[in-house]
Amino acid sequence: MEYTRLGGTGLQVSRICLGMMSYGDPALRPWALDEPAAEPFVRRAAEAGINFFDTADVYSVGVSEQITGRLLARTFSRREEYVLATKVNGEMGPGRNDRGLSRKHILAGIDASLRRLGTDYVDLYQIHRWDPDTPIEETMDALHDVVRAGKARYIGASSMFAWQFAKAQRVAKTPFVSMQNHYNLIYREEEREMIPQCLDMGVGCIPWSPLARGWLAGNRTRDGQRLTTRANNDAFGDSLYTDADFDVVDRTALVAKEKGVPPAQVALAWLLHKPGVTAPIVGATKLSHLEDAIASVDVKLTDEDVAHLEEPYRPHAIAGHR
């Protein structure tokens with residue numbers, strides 16, 4: 001495993017981050033794995049040198065955080081050995097203040113997350129999306145207080161417009177060190193403004209959906225077949241991409257065949273070659289998914305490979321900000 005600093009910080013993270021959304025309550029997400037089924041993934045990740053794990057309060061309405069906390073505590077001998085990230089903003093109850101980025105919800109949210117995770121602090125506390133109903137000054141002041149209280153070491157953001165991110169950084173007493181954005185071979189709109197801005201600010205990018213909800217790994221076909229449980233139960237994924245994107249899927253498969261590796265390894269290797277990318281956040285419900293992610297760190301792409309992969313790209317409307 002290779003390691004790098006998260007943006008401009010001194011925090012050392014693995015080049016692959018294991019996304020914990022895949023582990024939760026199967027009754028809420030049909031493709032989610034429960035705790036016993038999830039344990040081999042966390043153990044294999046640790047064996048391979050992965051030290052970076054990402055979850056959110058809203059994943060299985062807190063169950064993912066509970067599973068994440070217990071599995072990491074059993075797998076690692078010391079809290080200092082791993083980097084733990086979670087998020088706030090999503091709906092966690094029926095009340096009007098059980099969501100969003102108000103001071104009230106952020107301060108309640110971090111305490112609830114820490115209880116579920118069974119830890120005194122998270123390494124990275126992220127806003128899951130922009131909240132148009134709360135002044136950004138209020139949000140950034142509350143996040144600053146979370147860090148000052150020792151409940152988070154760093155703060156990060158997720159998908160939003162570049163102007164929103166710039167505004168947040170301008171008013172911040174404690175600035176964001178990471179951007180968890182929607183970025184993969186099929187969706188490259190982040191290259192227009194957000195990634196250049198992150199490079200300029202020294203902010204690390206930790207892309208979500210690096211395999212385009214499994215499209216780049218071959219979980220769907222042009223004729224409409226859905227080959228996995230996730231593909232058959234992912235309305236959000238259906239809203240992000242179109243049939244035109246199969247041109248990129250086919251090109252990825254072609255380059256992968258030339259290199260003798262699975263398409264998922266090539267898609268992840270492409271991200272790892274891109275400026276500003278710290279660590280793609282990879283979900284895994286089969287151990288082969290995790291093995292592909294681990295192996296992708298060693299896949300080398302030439303400039304010609306990269307150009308060949310990128311050639312069939314078609315511009316997209318902005319997607320993933322909600």
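Author: Happy to. A residue is called buried when its relative accessible area is under 20%, and exposed when that value is over 50%. Keep in mind that this is a predicted model.

Reader: Which ones in H9 are buried?

Author: The buried residues are Ala-264, Gln-265, Val-266, Ala-267, Leu-268, Ala-269, Trp-270, Leu-271 and Leu-272.

Reader: And what covers the buried residues of H9?

Author: The cover includes helix H8 (246-259), strand S10 (281-282), helix H10 (287-296) and helix H11.

Reader: Switching to the surface: which residues form a nonpolar patch there?

Author: Phe-161, Trp-163 and Ile-318 do, and together they have about 330 Å² of accessible area. Ile-318 lies in the segment that follows helix H11 (303-310).

Reader: Why does Ile-318 count as partly exposed?

Author: Because its relative accessibility is 46%, and partly exposed covers values between the buried and exposed cut-offs.

Reader: Nice. Now rings: how many aromatic pairs are there in the whole structure?

Author: The search finds eight. One aromatic cluster is made of Phe-53, Phe-76 and Tyr-82.

Reader: Which ring does the charged end of Arg-153 sit over?

Author: That of Tyr-121, with the charged end 3.6 Å from the ring centre. Likewise, Arg-188 has its charged end over the ring of Tyr-313, 4.9 Å from the centre.

Note on methods
Residues numbered from 1 in each chain as written. Predicted model: local features only at pLDDT ≥ 70, side-chain atom pairs only at ≥ 80, totals over all residues. Heavy atoms only, no water. Patch = residues over 30% accessible without salt bridge, like charges linked within 9 Å, V, L, I, M, F, W, Y side chains within 5 Å. Areas by Shrake-Rupley, 256 points an atom, 1.4 Å probe, with all protein chains shown as cover. Salt bridge = Lys/Arg side-chain N within 4 Å of Asp/Glu carboxyl O. Helix = DSSP H or I, 4+ residues; strand = E, 2+ residues; numbered from the N terminus. Buried < 20%, exposed > 50% of the residue type's maximum accessible area, 1.4 Å probe, protein only. Contact = heavy atoms within 4.5 Å. Phe/Tyr/Trp six-rings, centres within 6.5 Å; stacked < 30°, edge-to-face > 60°. Lys NZ or Arg CZ within 6 Å of the ring centre and 35° of its normal.
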